[in-house]
Amino acid sequence: FIAISINLQAKVIDSIVAVVDDTTIMRSDVETKAESMGIDSMDPAILRQVLELMVDDIIIKKTYYGYGLPPVSPEEVRSAMKETNLEFEDTLTVIMRQSLVSMMVKSRVVITNAMIVEFYNNNPEYCGRDSLHLKQIFIKDNGQENAVSAMAELNEGKSFDEVAKKYSSVLVSGSSDIGWVAIGDLSPDLREPLSRANAGSIVGPLTTKDGMLIFQVNERTMFGKRDPKEVQDEIKNILLDRYQKDVFKYWLDRTRSEHFVGTYL
């Protein structure tokens, strides 16, 4: 009796959750797919995302075969599985998707020099990070009087190192030099005044919760900058991949509207 009850319950729980033309997707199919992807099959929001992927996969296969494109050989799929780390059917869909991208999308995406330059300038990975080589005088607690005295001596022309040894509460290995610091990594109360500084500038005294700070800017440069010509092809490939995915999604959405798609999850 118990076995029959469990079996009947399983049949009640399992149901059609999507129809794509003449193809149906069961709830158990979606749960199995989610589990194969290593994600939570009990989360309704995740299940809906997995279902959408499954619907897209069906439409990709229908479109591929509808265009009369050559069948993908099992050998090609098995070979590609080593790179995709996916099961046979998922890898087959990946190959079909790539073929459709090549046929329907690649020729429609043009990457201009202006796009490459903009991407370069907006990515510190390529253009570098605006950085300062700093020396520092740090005066703990209520050091207003010492900070004023230190600034007076600097204005008189005394060397920063000499003044730091006299007034700074902290020295790194006996030196005021704290090395290179990216402006973006500075705390907000230091970032704004130092962002306007040039090599040779004295900035301060600046008040923080821990005390007073005076800086000398030794050098300023875009640290980690890569030659634009050296990374041009790399950036072009990144942009091609990004825009091809966008165009393919637009194309797939339009293609999807040509099919009967009902989702009930």
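Reply: Start with one term: buried means under 20% relative accessible area. In this predicted model, 35% of the 265 residues of the protein count as buried.

Me: Why is Y64 called buried?
Reply: The cut-off for buried is under 20% relative accessible area. Y64 has 3% relative accessibility, so Y64 counts as buried.

Me: What makes Y65 partly exposed?
Reply: Partly exposed lies between the buried limit of 20% and the exposed limit of 50%. Y65 has a relative accessible area of 47%, so Y65 is partly exposed.

Me: Why is the pair of Y64 and Y65 called edge-to-face?
Reply: Ring centres must lie within 6.5 Å, and planes over 60 degrees apart count as edge-to-face. For Y64 and Y65 the values are 5.8 Å centre to centre and 85° between the planes. The pair is therefore edge-to-face.

Me: Why is the pair of F248 and W251 called tilted?
Reply: Stacked needs planes under 30 degrees apart, and edge-to-face needs over 60. The planes of F248 and W251 are at 35°, with centres 5.3 Å apart, so the pair is tilted. Both residues, F248 and W251, are buried. F248 and W251 lie in helix α11 (residues 228–256), three residues apart, about one turn of the helix.

Key:
Residues are numbered from 1 along each chain as its sequence is written. This is a predicted model: local features need pLDDT of at least 70, side-chain atom pairs count only at pLDDT 80 or more; totals for chains, interfaces and linings use all residues. Side-chain values use heavy atoms; hydrogens and water are left out. Rings of Phe, Tyr and Trp (its six-membered ring) pair if their centres lie within 6.5 Å; planes under 30 degrees apart count as stacked, over 60 as edge-to-face and the rest as tilted. Buried means under 20% relative accessible area, exposed over 50%, partly exposed in between (1.4 Å probe, protein chains only). Helices (H or I, at least four residues) and strands (E, at least two) are DSSP runs, numbered from the N terminus.
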